[in-house]
Each structure stands twice: as C-alpha cells, then as structure tokens.
Amino acid sequence: MVQLVESGGGSVQAGGSLRLSCTASGYTFNDNICIGWFRQGPGKEREAIAAIRTGTGYTDYIDSDSVKGRFTISRDSAANTLYLQMNNLQPEDTAMYYCAAVITGADCTTGGPFKYWGQGILVTVSS
C-alpha cells in the first residue's frame, strides 16, 4: 500500500509561486510508479494537472492553457517525493491539490487510473 502526504500549500497573492510536495511511503519510487497531481476548485470537478513515471522521469501534462507553462512536475526518487512547482499563480488556481499514484507498468498518463490518493492540501490565491 502506498501512502501519500502533501505539503507546501497555503495562501499567496496573484503572481506568486508555491512548490507543493508529496511524500510517499510504503513503496519505493521505481519504474513501476506513476504519480501525478490533481486539483479541485470550489464548485468544480477534479481535474488532472500532470503525471510522471518515477523511474524514467517521463511526464504527461494535461493539454490545457490553464496550467501550461506555469506548472512543472518533478520528482526526487531518492527522497520518494513528488513536486509541483507553480508559478504566476492566479485566483482561479485556488483549489485543493492532491497527489495520486498507481503501481503499473502501463503508460503513465494523467488519465490514470490512480489507486492511491493523498488527503489533499489547500492552495488559496488572492487577487
């Protein structure tokens, strides 16, 4: 079983940056882990942001102008930690952010499916 804990959220003004972290336990980052970031804003459906295969570093981003060029997914396999660097944050980025993982040898994409989920962390962006 993989346990995921997010950190690094908080409040920031528009134009600011945050880096979210997701630390995994119960399984070592290796080629068989696909892990990603998702978010759910107030009154909105959950949406995928990006996913990464921890062994190769292969990434898949959602094809959306809402995050393209501003958010970057990365991982530190030695630390079993996933990151999401978020730059030029805007009020519409306000959401609960979740990391999720699946142990799989299949293609790693934002479409998942993902089996293990963190509890989420709140990011609030004020104008």
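A disulfide joins Cys 34 to Cys 108, with 2.1 Å from S to S. For a pair of cysteines to count as a disulfide here, the sulfur atoms have to lie within 2.5 Å. Before going on, a word on the model: this is a predicted one, where local features need pLDDT of at least 70 and side-chain atom pairs count only at pLDDT 80 or more, while totals for chains, interfaces and linings use all residues. Residues are numbered from 1 along each chain as its sequence is written, and side-chain values use heavy atoms, with hydrogens and water left out.

Back to the sulfurs. A disulfide is a covalent bond between the sulfur atoms of two cysteines. How many disulfides does a search of the whole structure find? There are 2, and here they are side by side:

| Disulfide | S to S distance | Torsion about the S-S bond |
|---|---|---|
| Cys 34 and Cys 108 | 2.1 Å | about 75° |
| Cys 22 and Cys 99 | 2.0 Å | about 60° |

With a torsion of about 75°, the disulfide of Cys 34 and Cys 108 is right-handed. Cys 34 sits in strand 4 and Cys 108 in the loop between strand 9 and strand 10, so this bond ties together parts that are 74 residues apart in sequence. Strands, by the way, are DSSP runs of E with at least two residues, and helices are runs of H or I with at least four; both are numbered from the N terminus. Cys 34 and Cys 108 are buried. Buried means under 20% relative accessible area, exposed means over 50%, and partly exposed is in between (1.4 Å probe, protein chains only).

The torsion of about 60° makes the disulfide of Cys 22 and Cys 99 right-handed as well. Cys 22 belongs to strand 3 and Cys 99 to strand 9, 77 residues apart. Cys 22 is buried, at 0% relative accessible area, and Cys 99 is buried at 0% too. Counting bonded cysteines along the chain, the disulfides follow the pattern 1-3, 2-4.

Now for the nonpolar cores. In soluble globular proteins, nonpolar side chains tend to be buried together. A nonpolar core here is a set of buried Ala, Val, Leu, Ile, Met, Phe, Trp, Tyr and Cys residues joined through side-chain atoms within 4.5 Å. The largest one has 29 residues, and those with the most contacts inside it are Leu 4, Ile 35, Trp 37, Leu 84, Met 86 and Tyr 97. Several strands each supply at least two of its residues, including strand 3, strand 4 and strand 9. There's a second, separate core of 8 residues, which includes Cys 34, Phe 38, Ala 100 and Phe 114.

Leaving aside residues up to four places away in sequence, Leu 4 touches, among others, Cys 22, Cys 99, Ile 35 and Trp 117, where contact means heavy atoms within 4.5 Å. In strand 1 (residues 3–7), Leu 4 and Glu 6 make up the covered face, while Gln 3, Val 5 and Ser 7 are on the uncovered one. Strand 1 and strand 3 (residues 18–25) run antiparallel and are joined by 5 bridges; strands pair if DSSP finds at least two bridges between them. Ser 7 stands opposite Ser 21 in strand 3.

Which residues do ring pairs link into a cluster? They're Phe 38, Phe 114 and Trp 117. Rings of Phe, Tyr and Trp (its six-membered ring) pair if their centres lie within 6.5 Å; planes under 30 degrees apart count as stacked, over 60 as edge-to-face and the rest as tilted. By this rule there are 2 aromatic pairs. Phe 38 and Phe 114 are edge-to-face, 5.1 Å centre to centre with 75° between the planes. Phe 38 is in strand 4 (residues 33–40) and Phe 114 in the loop between strand 9 and strand 10, 76 residues apart. The rings of Phe 38 and Trp 117 have their centres 4.9 Å apart and their planes at 50°, so that pair is tilted. Phe 38 is buried at 5% relative accessibility and Phe 114 is buried at 12%, whereas Trp 117 is partly exposed at 31%.

Finally, a loop residue: Pro 91, between strand 8 and strand 9. Pro 91 is partly exposed, at 31% relative accessible area. Pro 91 and Asn 80 are 11 residues apart in sequence and 30 Å apart in space, C-alpha to C-alpha.
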